[in-house]
Amino acid sequence: MKNTEQVYNNRRNKSKSIANNGIHKSGDNQRKQWATRNDGLRPHPSWHIVLTCYLTFAILIAFGYINEFLTYIGLKRNKAISETNREGYACLYGTWQSFFTRYIYRRVCDAFSQPICSVPAGNVHVLDRKSDDYNLTFRLTGNKTNAINLGSYNYLGFAQNTGSGTDRVLQTVHKYGIGIASTHHELGKLDIHIELEELFARYLGVESVVTFGMGFATNSTNIATFAGKGCLILGDEYNHASLKSGSYISGATYRSFRHNNMNDLETKIRDSIALGDTKSGQKWKKIVIIVEGVYSMEGSIANLPELIRLKKKYKCYLYVDEAHSIGAIGPNGRGITDFYGCDPNDIDLLMGTFTKSFGASGGYIAGPRHVIDRIRAYTQSAYATNMSAPIAQQIISVVKVLIGETDGTDGIERINRLSENTKYFRKRLKEMGFIVLGHPESPVIPILLYFPAMISPFVRLGLNRGIATVGAGYPATTLTTNRIRFCMSSAHNQQMLERALNIISQIGDEFNIKYLKT
Amino acid sequence: MEMSIKWELKEMFDSLISAPKYHLALEGCLVMCVLWLLFHKSYKPESTKLTEKEKEELIAEWTPEPLVPDTPSDHYALNPRIVTSKLGKRIVIDGHDCLNLSTHNYLGFVENDKCIESAIKGLRKYGVGSCGPRGFYGTVDIHLELESRLAKFMGVEEAVLYSYGFSAISSAIPAYSKVGDVIFVDEGVNFAIQQGLIASRSKIKFFKHNDVEDLHRLLLEQADIDRKNPKKAKVTRRFLVVEGLYINYGDICPLPQLLELKKKYKVRMFIDDTCALGVLGANGRGVVEHFGVAVDDIDMICATLENAMAAYGGFCCGTSFIVDHQRLSGLGYCFSASLPPLQAAVALTSLETIENNNSVIEKLRQNCQSMHSLLKDIPYVKVFGEPIAPIKHLRFANNTNDHKLETKKLEKVVQIAQERGYALTVARYLDDSEHLLPKPSIRLIVNAILNDQEMKESAEMISQSFESVLNLY
């Protein structure tokens, strides 16, 4: 295996020729080796950790029931569960859901949805809030904390309010305004959308691209155009809610396979083809495999070469959701196909969003012309307003920087910086003894806490000391694999990373979560 | 004792020997049947164990369908009309400068200078994207301000802001209504609501468009079912979903009568004010203000900021008890990036403008009424929609029932209008996905920035275009 230094040097040499918009075949055997490694697997927690986790929830639930009882007999008043003016109506919320929100989530919800008042760049200004009624409502204190932003999806650092890109967006605001108030199929198609779609197709190396106004809606409204009743969708068990929602709406049968486990996927494909739809007795019309490029809670990267091999062998179709991987991985920042050196035309549909690496909003689907034409004609987003022109301009500006057409080598420098930051941060966290999940080159870096009770203190303490982090617990993760997630950005410089690592190390020592420390 | 047992056995043996032969044969058969039933292998259709060789054969001979069927190359979505200017009062389509009668710019705020200025201020302060969902540092102070201003404007406790108008109502319905619940819906609702209904997996009962009697009939049926099973009825949630101003018909829902039924049968009511916000009511608060109904009686109002407010995004508002639930259960809220701050800034400015001065809403209403009376007089054209609604559906007066032919005729009208400098559009639907496909029509949208002269000329042009197409066919 080449050492890291050699890889960096190779990348820097390649970057000089990028200026001519050349696409480099990364062709890294190294990456393919990594793909077969056990990424995404984590050491199993020992029995006493598991026991303590369940005990935590048991205590919380017990206290919740005591509270409920006190409210029931009238000793306590709970504003959150009283509804006025609706006597005789059926109860609106299911018991466990509202119980969880009231007595478990409510205790820690100050660690989520913190408001900010600046650009979500490398540093972010988080507004301080205080609650006078046990987290039911918050009021802003008027102060703000300047923290290193390890929470926003700003991989390439394009969340900025100055620069040539912003100036072009400004001009577009003057030219087109903000609102369009019309849809794809009526008068909502602007020349700037056509420009964006053609440029993006060039950037990805595919035949055609169609763009939409919202990333979530791109999945939930378009899966129905190519899958329906009688089709089978095999999705990774950690697929995003938008993919599951879109699959359900399409009417196709959705089955999941174990996360990134290609053997399990192959078994399921073989069984599905051989047995067909056991409910109707018919063979499946088609099988679509839906995976994500980078999984936002696991930090793992899909095993694309193996997926392409399986899809070709069994005549299935492959749909890759590159929300977190486009722009963020690959030596040219072109996503998972660039990362593995695969041909993007081997994937039937590449989907992604413009929210993360492009600092804009919206989503796209890319693929062969006849498939994209079908999506253009039958998308359910035909009823939704098309993307705003300044947003489209922001994406155009960013793509031009990434392919080197504007701002010289700024694009490749950002991509390299992100990659270096990612590798450095992961290396240091591992050295400190944290359990770091995910692929070594994924800019999404989760560390395992195990205990749910640690999530909000970590986030709160982190913010007090100057880092903004994201905590994830049940139901986004399982009961025992609660974690803190850091998102790398090329806007972070070495000092910021050092400072962040020091704070994380401090908190790690205080909380005793350096599980792998020898 | 032993004697009696021995005696019984002997009696049994005697009766066995003395029984007729057919009797013995029958009993023998029955015994064989019982033994067979006990010991034969039971039929298990699920565990068809295939050998590896059989599996390989099945896999080799399976041919999937192509990913998508071919799309006709003359489909209108593949040959869109390209706009190269702001979609304000005038709009440049395919090089033609036209008067805009087709986009939902009801109050003309797309070109409002204050809105543009606030967008630029927002851009200079926050950049473009918010780079995260609401739960993870994507909540910007401007979102909180917009939510509280919207709640105050609508006269409710709380508002939840979504980043896309389409996903506001389509995420809200499945957040409350689950498997086993019942939703009563008007059959003419828009597609976003239909998506929400599918995602909710509940029992959907459509009632005829704006037909309160039909809804009453359905509610009585449900009451019968509830009487038979009161335990289940107690936990079955019931919802009623209507639009304030229907985009597919241009008419207004009969809110007071619907409210009576809602209160009588204890059904929760959700209203989609996508086209009514900024249009109906003296101050633009939607259909609730239009009828003067207490907003407390409505469980939730959803609306979009993409039409009258000329911004992006949508919101759901109501009591905190109801609406706060979406912050954890609304898929389009939790799992999607938040609204870009510059778009929220535009929405705030539009909101401020109509709060301070409702004259633009008054002007819109006058324009709608004038346009309606102008169009009503055209002999070949039939106008559908309320006089005060900005949405007017135009169809040929002698309508054949041929969907394709009518669409073709209307597309020709649109083409002629564009050549003469007027931007119209045929209302586009996904024919195979709509629950109740409306008849083909031109959706004409009146806005507040048209003057009387322009409306008169538009009506004349429409008359001429319809006439020339009639002569062609």
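Student: Which residue in strand 10 of chain B is the bridge partner of Cys302(B)?

Tutor: That's Cys316(B). Keep in mind that this is a predicted model, where local features need pLDDT of at least 70, side-chain atom pairs count only at pLDDT 80 or more, and totals for chains, interfaces and linings use all residues. Residues are numbered from 1 along each chain as its sequence is written, chains are lettered from A and ligands numbered from 1 in the order written, and side-chain values use heavy atoms, without hydrogens and water.

Student: How do strands 9 and 10 of chain B pair?

Tutor: Two strands pair if DSSP finds at least two bridges between them. Strands are DSSP E runs of at least two residues, helices H or I runs of at least four, numbered from the N terminus. Here strand 9 (residues 300-304) and strand 10 (residues 314-318) of chain B are antiparallel, over five bridges.

Student: In what order do the seven strands of the chain B sheet run?

Tutor: The order is 4-10-9-8-7-5-6, in an open sheet with mixed pairing. Strand 4 (158-162) and strand 6 (203-207) of chain B each have a single partner strand, so one side of each lacks a neighbour in the sheet.

Student: How do helix 5 and helix 13 of chain A cross?

Tutor: Axes are lines fitted to C-alpha atoms, for helices over the stretch in contact, and angles run from 0 to 180 degrees between N-to-C directions. The axes of helix 5 (residues 164-176) and helix 13 (residues 389-402) of chain A come within 8 Å and cross at roughly 150°. Helix 5 and helix 13 of chain A are therefore roughly antiparallel (angles over 145 degrees count as such).

Methods. Angles under 35 degrees count as roughly parallel, over 145 as roughly antiparallel, 65 to 115 as roughly perpendicular and the rest as oblique.
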